[in-house]
Amino acid sequence: MNTRPDKPRELRVFISSTFKDFLWERDRLFSHVFPTVRQAARRRGVEFTAIDLRWGITDEQAQLGHAISACLMEVDECHPYFIGLIGERYGWIPKSVEQYPSTGW
């Protein structure tokens, strides 16, 4: 959570899963769980932000090979708050991992 005095207090949580396996669960988090968490956080002077890249990566970014770096930058911004939903699929694996810049992890 951000504790710097010059920035508002914010709790950023990154949500990760394969989109096809957990569509219902992700939607349920955003429609039922996160509004309650957001209200509780605001009562404590903290802004709650859930990051779901279903809406954050454009087709153009994906085609240009920027999806991984954009995703890892968001993970860094949310660190250490990460929700990983694990199922039977592995998700998308890029052809060459070497083409993506390191984020320091």
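This is a predicted model: local features need pLDDT of at least 70, side-chain atom pairs count only at pLDDT 80 or more; totals for chains, interfaces and linings use all residues.
Two strands count as paired here if DSSP finds at least two bridges between them.

1. **Overall layout.** The protein has three helices and three strands, and along the sequence they come in the order β-α-β-α-α-β. Of its 105 residues, 27% count as buried. Among contacts with a separation of 6 or more, 71% are between residues 24 or more positions apart.

2. **How the strands line up.** β1 and β2 run parallel and are joined by five bridges. A handy place to look is V13, which stands opposite A50 in β2. β1 also pairs with strand β3 (residues 82–84), again in the parallel sense, over three bridges. On that side, F14 stands opposite F82 in β3. β1 therefore has a strand partner in β2 and another in β3.

3. **How covered is β1?** Five of the seven residues of β1 are buried, so the strand is mostly covered.

4. **The largest nonpolar core.** Which residues make up the largest nonpolar core? There are nine: L11, V13, I15, L29, F34, A41, V46, F48 and A50. At least two residues of this core come from each of β1 (10–16), α1 (23–43) and β2 (47–51). Apart from it lies another core, of five residues, including I51, L53, V75 and C78.

5. **A50 as a meeting point.** A50 belongs to the largest core. Leaving out residues up to four places away in sequence, A50 touches V13, F30, F34 and R38. The V13 in that list is the residue that A50 faces across the strands.

6. **F30 and F34.** The whole structure holds three aromatic pairs. In one of them, the rings of F30 and F34 have centres 5.0 Å apart and planes at 85°; this pair is edge-to-face because angles over 60 degrees fall in that class. F30 and F34 are four residues apart in helix α1, which means that about one helical turn separates them. Are these two residues buried or partly exposed? F30 is partly exposed, at 23% relative accessibility, whereas F34 is buried, with a relative accessible area of 4%.

7. **F34 and F48.** F34 also forms an aromatic pair with F48, and this one is tilted, with 5.2 Å from centre to centre and 55° between the planes. F34 lies in helix α1 and F48 in strand β2, so the pair ties together parts that are 14 residues apart in sequence. Both F34 and F48 are buried. Taken together, F30, F34 and F48 form one aromatic cluster.

8. **R12, a buried arginine.** R12 lies in strand β1. Why does R12 count as buried? Its relative accessible area is 17%, and the cut-off for buried is under 20%. The side chains of R12 and E74 are joined by a polar contact of 2.6 Å. Setting aside neighbours within four places in sequence, R12 is in contact with T49, I51, E74, E77, C78 and Y81. I51 and C78 in that list are also among the residues of the five-residue core.

9. **The cysteines.** How many disulfides are there? The count comes to zero. For C71, the nearest cysteine sulfur is that of C78, 9.7 Å away.

10. **L53 in its loop.** L53 is found in the loop between β2 and α2 (59–63). At 14% relative accessibility, L53 counts as buried, and L53 is one of the residues of the five-residue core. L53 and C71 are 18 residues apart in sequence, while their C-alpha atoms are 7.3 Å apart in space.

Methods: Residues are numbered from 1 along each chain as its sequence is written. Side-chain values use heavy atoms; hydrogens and water are left out. A nonpolar core is a set of buried Ala, Val, Leu, Ile, Met, Phe, Trp, Tyr and Cys residues joined through side-chain atoms within 4.5 Å. Buried means under 20% relative accessible area, exposed over 50%, partly exposed in between (1.4 Å probe, protein chains only). Contact means heavy atoms within 4.5 Å. Rings of Phe, Tyr and Trp (its six-membered ring) pair if their centres lie within 6.5 Å; planes under 30 degrees apart count as stacked, over 60 as edge-to-face and the rest as tilted. A polar contact is a pair of N or O atoms within 3.5 Å; within protein, one must be able to donate a hydrogen and the other to accept it, and residues adjacent in sequence count only if both atoms are side-chain atoms. A disulfide is a pair of cysteine sulfur atoms within 2.5 Å.
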